[in-house]
Amino acid sequence: MSTITQYVPQAVPPPPSEPGENYLNAAFGLRSWLLTTDHKRIAILYLVTVTLMFFLGGAAATLIRLNLMTPYGELVNADTYNKLFTMHGVLMVWFFLVPVIPVVLGNFFLPMMIGARDLAFPRLNLASWYIFIFGAAFTLWAITVGGVDTGWTFYTPFSSKSSHTNVIPTLTGIVISGFSSIATGLNFVVTVHRMRAPGLTWGRLPLFIWSLYATSIILLLATPVLAMALSLVIIERVFQIGIFDPSLGGDPLLFQHLFWFYSHPAVYIMVLPGMGIVSELITCFARKHIFGYTFVAWASIGIAVLSFLVWAHHMFVAGQAVYSAMIFSILSYAVAVPSAIKVFNWTATLYRGSVSYRAPLLFALGFIGLFTMGGMTGLFLAALGMDMHVHDTYFIIAHFHFIMVGGTVMAYMGGLHYWWPKMTGRMYPEGWSKLAALIIFVGFILTFLPQFVLGYLGMPRRYHTYPPEFQVLNVMSSAGASILAVGYLLPLVYLIWSLGYGEPAGPNPWGATGLEWQTPSPPPTDNFVATPIVTYGPYEYSPLEETELVG
Amino acid sequence: MSERVTQPPTYYAVFAGLIALTVLTVGLSLVDLGEWHTVVGLGIAIAKALLVVLFFMHLLHSDTMTWIAAGTGLFWLGIMLVLTLSDYLTRWVLSY
Amino acid sequence: MSAEHPLLAHHFDDIEQQRGAETLGMWVFLATEVLIFGGLFTGYFVYRSWYPRDFEAVSARLNVLIGAVNTVVLLTSSLTMALSVYAVRTGRQRMLLHGLTLTAVLGTAFLVLKAVEYYADYRDGLVPNTAPFDAPEHQREWAEAQVSPQKVILFLMFYYVMTGLHAVHLTVGIGLMAWLIVRARGGTLSPERYVPVEVCGLYWHFVDVVWIFLLPLLYLTGTHHPADFTHFL
């Protein structure tokens, strides 16, 4: 296992820290948190914020699933239902899934994993949190004064012309939060390029860093187009010019092109960091070097690039040209390849590994299974004929929830548990965490597997009622959702409990490789005594004598 | 990354080129080029942009990573334009 | 390894790393700006491919003289900006101050001319939902050219949003110049600490490049008549 043996000589040595001094107790008071530039504190600020947004989005989902217990929509009327699924989508996509892993785990651990004291632009990092809060405030305000009923996709001309709900404030909030994403992506890219410790070549980077880097490329290149697309809807709504209104010579599909140019890569923003976490978890809990490091690393970049070439597969039934649809269909098959490569490599890593079934690994295994199912159903959707049949049905909903919830949220939970001792200096209760993983897995399957069937049988999405013959499957799905809710509430309780009563954790409770484990738990403000010099590759779990010095 | 300092004569030469190209593009607008106005105009604009980016923005003497950053934005714009126009330009090719 | 530099931020190891990070950061930011303008350009190209004749007809009515003059103004400001970078890197403090001030002045001149142009557009019936636009003589002109008012409005939206977004960016750039001038006067810009000027310069040149493309795409879509270049207002 690689340990730091050398440090870069510092012209001015950093001030010695008191024993037991870490980033949490270095300063007290609200100002020290709200004006911090420490990437670790900013990560905690984000953690609190996105957790709130997650449970708000979850509350909307709860009402949706409750309403769908009966076929006749007896809980809420159609308009309210439309607002509920819009709120669920908007909050979950932009205020939870897109940011969560980069801004919580990425902010905390990217500098540490590359041996840096902070990100390249710490003040920009803090600004990104404030921008995020500002955007979230706009959107939450829009929800409290009546909500939006356009769906999180804001299709025109309904959103730009006909909807009588609070479209503009919601869009403003999303555009503002987009700038937070861009700032984070910029910070990550520059940090990885310019602030790696000496000896830490690209080929020695942990795969979590590769995935964050790939995610940042998408954040940087896709989000500006979203900002423009949504701004044009705002302009259209105010001035009624006809950019997206067919009766005035515009094309609604132009909005969809610009919107999905962002939103398809956005789903890879959501899943790529999760894949990076899974690579870390699999290697640590199988105590084995990743199988095919180069392939996994480049697969992340490949996913990031290919993700930009497939967006119009969301528009197969919308009226785009047939030739264009065929091109996007072929490219959509291609984008599955690098994801599949990763799944094969994780599996090969587990093979003949020394596996310990701790909670983080349970979440990682859940990711692999559920993401694979979600990804495969994505391939079904890449086929034009199949998509014609199931577009705008529950099949689509099941597909993306398998990836986003079965994938990203699982990976996030795994990473949160894995790095919790490092972040807080406390261990979470192992029994409860395994129970939570199991409950989440079972709840998830029960919630979303029936939805594949429902969609294939023809139940449309975004309807507050349905034909009575679909009730059994809907009730199963709602029951599953209630189990899932318990599964998510459990960690909320025991993780907070562990802050006060959890077993104190040492620097490396898992015996993992990686620079972040070479520091105390919780880490001191400057992360390292001095900039470390790296001489070994990642995941060196073999005994030291068998380890090669990576050239 | 202390790149060499570009000297003023280079800047003046580039500026002269930019003004010349501006005169050219405006002058050509007085000539009847039919459908070619946009292509010619864009071509001249690309030439001007290259002058600004390579010399005023020092890209010519910058490291590879800077070239990649500069090129990536353009390349991605290209993806957006090409694939979006692949829809719009082929919509009525195959009429049912 | 350089000795402790007074302007070295604590999280960087040395001043070279800091410079490298700041410069790369600006280039990466400019890549995102390419895409934000790119969304508008994409929409513009789509509708241009749909309504070429109509777009050309409206474009011919724009004030191409101000457009051309503004182009020269902005190109000159890029020259003064580049010379400012030369000045700071060679320790010529007065030249730096003059260069930055000239750049800001030229940028402001652009905005003033743009405001004049917008006023002229309003007066010539090129601002939708205003009295001159709805005036019968202007409506008749469109009818005679066989251009539907809807297409006119569509083109004008792109014109105002694209030039407006550009003007917003230019305003930010002038703000950056003001900040640099304050710093230059305070003596915190020098050959050892020149990156703020370099980085703001990159931003300024980018704004110039956007305009370089807006000129032919918005103003020079069709054949112009020499008389088009005679009226300023």
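Which hand does the crossing of α12(A) and α14(A) have, left or right? The crossing is left-handed, meaning that the near helix is turned anticlockwise from the far one by less than a right angle. This is a predicted model: local features need pLDDT of at least 70, side-chain atom pairs count only at pLDDT 80 or more, and totals for chains, interfaces and linings use all residues. Residues are numbered from 1 along each chain as its sequence is written, while chains are lettered from A and ligands numbered from 1 in the order in which they are written.

**Helix pair in chain A**
- Helix α12 (residues 359–382) and helix α14 (residues 394–424) of chain A pack at about 160°, with axes 8 Å apart.
- Helices here are DSSP runs (H or I, at least four residues), numbered from the N terminus.
- Axes are lines fitted to C-alpha atoms over the stretch in contact, and angles run from 0 to 180 degrees between N-to-C directions.
- The angle therefore makes α12(A) roughly antiparallel to α14(A) (over 145 degrees).
- Their contact has 15 nonpolar, ten polar and no charged residues.
- Ala, Val, Leu, Ile, Met, Phe, Trp, Tyr, Cys and Pro count as nonpolar, Asp, Glu, Lys and Arg as charged, and the others, Gly among them, as polar.

**Chain B against chain C**
- In chain B, 42 residues are in contact with 40 residues of chain C (C-beta atoms, placed from the backbone, within 7 Å).
- On the chain B side, α1 (8–28), α2 (37–56) and α3 (64–88) each give two or more residues.
- α3(B) gives the most, with 14 residues.
- That side of chain B divides into 29 nonpolar, eleven polar and two charged residues.

Notes
Two residues are in contact if their C-beta atoms, placed from the backbone, lie within 7 Å. Angles under 35 degrees count as roughly parallel, over 145 as roughly antiparallel, 65 to 115 as roughly perpendicular and the rest as oblique.
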